[in-house]
Amino acid sequence: MAKNSHEIRDPIHIFIRLSTDERKVVDSIPFQRLRNIHQLAMSYLIYPGATHKRFEHSLGVMELASRVFDIVSNQDNIHPIVRELIPEISVKAKLGYWRSALRMAALCHDLGHLPFSHAAEEALLADGWNHEKITVEFIRSEEMKQIWESMTPPLRVEDIVKLAVGQKKLKDTRFSDWEALLSEIITSDAFGVDRIDYLLRDSHHTGVAYGKFDHFRLVDTLRILPKSANQTDSIEPVLGIEEGGLHSAEALLLARYFMYTQVYFHQVRRIYDIHLCDYLLKWLPDGKFPTDIYKLQNISDNDVLAAVWQAAVNKSHQLHELACRLVKREHYRRLYERNPEDLSVNPHIGQVIFDQIKEAFGEENVRRDNYTQKDNMMDFPVLCNDGRIIPAFLLSETLKRLPVASFDYIFIKPNLLREGQVWRKNNMQKMLSMVAREE
Amino acid sequence: METNKRQVILLSLIESMKVQGSWCGETHIQKSMYFLQTMCNVPTDYDFILYKHGPFSFELKDGLGDMRGNMMVELCSRIPYGPSYRSSETGKALIERYPKTVDLYKKEINFIAKQFSTLGVAELERLATALYVSVEEGDNSIEARAQRINKLKPHIPVSVAGDAIQVVEKLSCEYARVTA
């Protein structure tokens with residue numbers, strides 16, 4: 001008899017199990033494409049171990065999504081207010097369908113990533129496009145549709161779309177509370193399994209141990225809870241946690257903060273992202289990736305890397321200099337990093353320096369990158385041992401003190417670094433006083 | 001609207017809500033900003049959707065996070081409530097540097113802060129949902145809109161939804177009178 005359950009070994013989850021139906025999705029061209037897309041773009045130039053791909057991350061997200069689903073839909077774990085608000089959670093006959101849909105949505109949530117994942121998506125796609133929209137196109141494609149229809153039970157394409165992408169990116173689509181919660185299992189900024197997997201996996205591959213936390217305990221204590229049990233407050237159902245899991249939740253949020261500051265916001269990683277974008281803008285026809293999925297699936301990191309290498313070794317190649325920034329580590333150097341002291345004097349100091357330095361050294365010789373970690377206020381309900389529901393913020397001194405990861409860098413061409421440093425020293429006071437004011 | 005001005009309006013709203021006694025949790029800010037933008041037509045252009053329990057803007061949520069990262073707002077807490085936002089010194093200084101924007105929308109901000117600051121979160125959710133559905137289905141009767149709210153959000157009974165629509169309509173009239 002043919003085997004219906006398959007295992008894949010994984011360094012994070014040890015075994016990832018999937019059915020024969022699910023394996024059809026893994027074997028599809030849109031999913032196999034993810035084997036050639038780096039999870040952390042060119043971070044392997046800083047952390048040599050970071051060569052992992054979207055492929056294994058997506059498998060990990062699927063594995064975690066069903067673990068969380070099994071916990072939060074266990075009838076012993078359902079809060080009475082939630083049972084009343086979300087009748088679907090008690091319909092046992094349908095839970096199997098939603099478990100399958102959630103697993104497939106988790107598996108497919110990253111299908112639309114461009115080569116090298118996030119790097120400069122906005123600049124490299126036509127207006128109105130982002131990787132989530134391309135993910136939707138892949139899930140709805142003819143090849144995938146046939147797979148969804150052939151599964152037992154058949155899965156509705158639009159359910160997978162909703163759960164994979166979430167309401168934040170599907171603003172014109174209405175979600176039931178149940179659908180919104182299921183999509184939060186994947187996409188939520190606090191306890192989304194996308195985040196749980198990438199923190200653990202990125203930590204493992206970069207060798208930055210700060211990203212590890214007790215995800216087994218965390219998953220076991222996740223619950224769907226009303227924000228408050230008090231009827232005058234919001235009883236909106238959200239992902240929360242049992243009191244016993246609070247420390248593992250704190251550890252997750254600390255891990256996130258440290259991974260942002262150590263890895264995702266690493267200044268050399270950021271400038272490589274910019275240089276890669278500069279290269280792609282010149283290399284791609286019209287400076288854009290195609291949004292037609294059948295054309296896009298034919299361009300992977302391998303194609304880009306081969307082209308970059310060719311340009312770097314050929315001095316007469318018109319993209320030679322851009323390629324050397326990546327291949328020969330001739331990247332721009334950090335001239336300025338915003339700090340709390342400067343920020344307290346001038347909240348727009350990064351923009352001021354960038355405007356001034358462009359005039360002084362020429363736009364082509366300087367770059368700026370700034371970003372603040374999204375959704376950083378971690379308030380979620382905690383189900384206490386005595387049955388009360390309390391905001392985590394009140395129970396946890398750690399959460400109260402957890403900073404927001406944020407950076408603002410100014411970079412300059414390597415041969416101008418010395419001159420730039422002198423210029424910065426001479427002009428800093430003046431720039432700090434250039435505070436934005438209404439005309 | 002340019003980012004600085006948008007931030008100034010948000011900071012002014014937080015300041016005004018505090019003056020009126022609001023706890024200024026995220027839900028209070030979300031719903032008050034929705035009323036400011038939708039009922040008072042202040043052009044902050046946050047993209048609101050009807051989320052689980054009422055209008056919600058992911059963009060506004062990210063905006064608050066950005067402002068916290070840039071030290072314009074701070075979080076504090078008090079038992080038994082969750083986190084509360086307040087303007088930082090940097091945020092207050094930004095308000096002072098944009099006097100025209102503050103003046104332009106002062107009346108609207110004060111009106112919203114006065115009307116909504118002392119309401120509980122559950123009531124804010126109901127009223128904001130009532131406004132959302134009324135904007136979508138403005139031509140329909142109160143009864144039809146109440147039915148619609150109940151269909152979209154079954155935890156709000158039809159009679160409660162009808163009351164919420166009436167409160168919102170009264171507030172709209174009051175706003176028109178105050179700004180006439």
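**Close-up views of the two-chain model**

**View 1. Strands 7 and 8 of chain A.** In strand 8 of chain A, A:Ile390 is the bridge partner of A:Val382. The model shown here and in the other views is predicted. Strand 7 of chain A covers residues 381-383 and pairs with strand 8 of chain A through three bridges, in the antiparallel sense.

**View 2. The open sheet of four strands in chain A.** The strand order of this sheet is 3-4-7-8, and its pairing is mixed. The edges are taken by strand 3 (222-226) and strand 8 (389-391) of chain A; each has a single partner strand, so one side of each is left without a neighbour in the sheet. With direction ignored, neighbouring strands of this sheet are turned by 45° against each other on average. In general, the strands of a sheet pair through backbone hydrogen bonds, either parallel or antiparallel.

**View 3. The open sheet of three strands in chain A.** This sheet has the order 5-9-6 in chain A, with antiparallel pairing. Strand 5 (333-337) and strand 6 (366-372) of chain A are the edge strands, and because each has a single partner strand, one side of each is left without a neighbour in the sheet. From one strand to the next, the twist averages 25°.

**View 4. Strands 6 and 9 of chain A, with helix 22 of chain A.** Strand 9 of chain A (residues 406-412) runs antiparallel to strand 6 of chain A, and seven bridges join the two. Within this part of the model, A:Tyr371 has A:Phe407, in strand 9 of chain A, as its bridge partner. Helix 22 of chain A, residues 417-432, lies across strand 5 and strand 9 of chain A. The helix runs at about 10° to strand 5 of chain A.

**View 5. Packing of helix 14 against helix 17 in chain A.** Two packed helices are described by the angle between their axes and the distance between the axes. For helix 14 (residues 267-283) and helix 17 (residues 320-327) of chain A, the angle is about 150° and the axes are 9 Å apart. Angles over 145 degrees count as roughly antiparallel, and helix 14 and helix 17 of chain A are therefore roughly antiparallel to each other. The crossing of these two helices of chain A is left-handed. On the side of helix 14 of chain A, the contact is made by A:Tyr272, A:His275, A:Leu276, A:Asp278, A:Tyr279 and A:Lys282. These meet A:Leu322, A:Ala323, A:Arg325 and A:Leu326 in helix 17 of chain A. The residues of this contact divide into six nonpolar, one polar and three charged.

**View 6. The contact between chain A and chain B.** Chain A contributes 33 residues to the contact and chain B contributes 35 residues. On the side of chain A that touches chain B, the elements that give two or more residues are helix 10 (177-187), helix 18 (340-345) and helix 20 (392-395) of chain A. Helix 18 of chain A gives the most to this side, with three residues. The residues of the side of chain A that touches chain B comprise 13 nonpolar, nine polar and 11 charged.

**View 7. Chain B.** Eight helices and four strands make up the elements of chain B. Along the sequence, the pattern of chain B reads α-α-β-β-α-β-β-α-α-α-α-α. The radius of gyration of chain B is 16 Å, close to the 16 Å that the globule rule gives for 180 residues, so chain B is as compact as a globular protein of that length. The C-alpha trace of chain B spans about 45 × 40 × 25 Å along its principal axes.

Notes:
Residues are numbered from 1 along each chain as its sequence is written. Chains are lettered from A and ligands numbered from 1 in the order in which they are written. This is a predicted model: local features need pLDDT of at least 70, side-chain atom pairs count only at pLDDT 80 or more; totals for chains, interfaces and linings use all residues. Two residues are in contact if their C-beta atoms, placed from the backbone, lie within 7 Å. Ala, Val, Leu, Ile, Met, Phe, Trp, Tyr, Cys and Pro count as nonpolar, Asp, Glu, Lys and Arg as charged, and the others, Gly among them, as polar. Two strands pair if DSSP finds at least two bridges between them. Axes are lines fitted to C-alpha atoms, for helices over the stretch in contact, and angles run from 0 to 180 degrees between N-to-C directions. Angles under 35 degrees count as roughly parallel, over 145 as roughly antiparallel, 65 to 115 as roughly perpendicular and the rest as oblique. A crossing is left-handed if the near helix is turned anticlockwise from the far one by less than a right angle, and right-handed if clockwise. The radius of gyration is taken over C-alpha atoms; the globule rule is 2.2 Å times the number of residues to the power 0.38.
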